Amino acid sequence: MPEIALHLLDLVQNSIQAGAQVVEIILRLDLEGRLTMIIRDDGRGMDDQGAQQALSPFVTSRATRKVGLGIPLTREAAYSTGGSFDLISAPGQGTRVQAVFDTRHIDCPPLGKLADTLAALILGNPEGPDFTIHLSCDGAEEALDTRQMKDTLGPVPINDPDVALWLTSVLHDMANHTLGGIIS
Amino acid sequence: MKSLAELEQIRKQTLERINLRREDKGSEVRVVVGMATCGIAAGARNVMMAFMTEASKRKLSHVTISQTGCIGTCRFEPMADVFIPGQDKVTYVNLDERKAARIVSEHIVNGNPVKEFTITNQDLAQEKGNAQ
């Protein structure tokens with residue numbers, strides 16, 4: 001994956017597949033250039049064996065093909081920057097994935113189109129889970145909660161064209177305000 | 001969240017249009033983009049955003065763009081299915097942003113599928129067979 005944002009997109013797909021009601025996405029950049037990405041869902045979760053298998057490129061829970069590369073790809077990308085990767089999951093308790101990237105490492109992929117990624121997730125899953133998004137860097141903080149949006153919108157769907165344009169521009173502002181320094 | 005007031009404004013403006021659309025449920029057009037690891041790696045996010053931006057710019061509120069998982073023929077990603085009521089599903093393969101914009105204007109707005117980007121169900125079934 002050529003962007004950290006695409007790893008994020010891929011990991012959140014797992015949360016959606018796991019039947020999550022709410023997916024929490026946290027991106028935090030510290031002053032040393034370490035980017036911590038946390039995705040926490042309240043989906044069905046996995047037992048220890050399932051969690052082990054999720055880290056193997058040769059296991060997938062889907063039927064259409066026999067390999068599942070998503071999680072191992074992200075882990076390798078994080079490791080290759082000298083970062084870390086942790087997956088915590090339990091049946092009925094949801095899953096929490098944390099990847100840390102050293103954005104100053106030469107092998108670190110660019111953050112990429114974060115705002116578009118978040119917009120695609122929210123707008124592409126109008127009947128899917130709700131999302132809470134927290135972006136922060138050295139005191140600059142932005143948050144968005146789709147439940148709040150839906151409360152405000154009432155009967156207007158979140159993927160209505162005008163709402164979609166508004167949301168995309170809000171996400172761009174949020175990303176630039178907090179992580180603008182590493183958005184290339 | 002900073003501009004919920006703006007959203008409230010959009011809600012008011014949109015509500016009337018929405019009510020009109022409700023009465024016309026049979027005209028809903030659906031675009032479904034494959035967004036598993038394979039699709040994402042091949043560029044599905046940009047394709048999906050191109051569909052959305054194009055539909056939003058043209059105010060096509062009867063068009064829903066959503067995502068699905070792996071369709072099973074990763075070689076052809078990014079892929080998308082277009083469903084128009086009363087017509088056969090059209091599957092597009094090897095998409096990019098430029099192709100997505102053409103599909104919106106030529107197929108969804110003007111009703112002419114962009115044949116050069118499509119794949120037949122027969123070819124798709126054969127490819128799936130080979131993959132398994």
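Student: How many bridges join strand S5 (residues 130-137) of chain A to S6(A)?

Tutor: This is a predicted model, in which local features need pLDDT of at least 70 and side-chain atom pairs count only at pLDDT 80 or more, while totals for chains, interfaces and linings use all residues. Residues are numbered from 1 along each chain as its sequence is written, and chains are lettered from A in the order in which they are written. Strands (E, at least two residues) and helices (H or I, at least four) are DSSP runs, numbered from the N terminus, and two strands pair if DSSP finds at least two bridges between them. S5(A) and S6(A) run antiparallel, and the number of bridges joining them is six.

Student: Which are the edge strands of the sheet of chain A?

Tutor: The open sheet has six strands in the order S3-S4-S2-S1-S5-S6, with mixed pairing. An edge strand here pairs on one side only, and the edge strands are S3 (84-90) and S6 of chain A.

Student: Which strands does H1(A) touch where it packs on the sheet?

Tutor: The direction of H1(A) makes about 15° with that of S2(A); axes are lines fitted to C-alpha atoms, for helices over the stretch in contact, and angles run from 0 to 180 degrees between N-to-C directions. Two residues are in contact if their C-beta atoms, placed from the backbone, lie within 7 Å. The strands touched by H1(A) are S1 (22-29), S2 (34-41) and S4 (94-102) of chain A.

Student: Which element gives the most to the side of chain A that touches chain B?

Tutor: In this interface, 38 residues of chain A are in contact with 34 residues of chain B. Among the contributing elements are H1 (4-17) and H6 (161-179) of chain A. With seven residues, the element that gives the most is H6(A).
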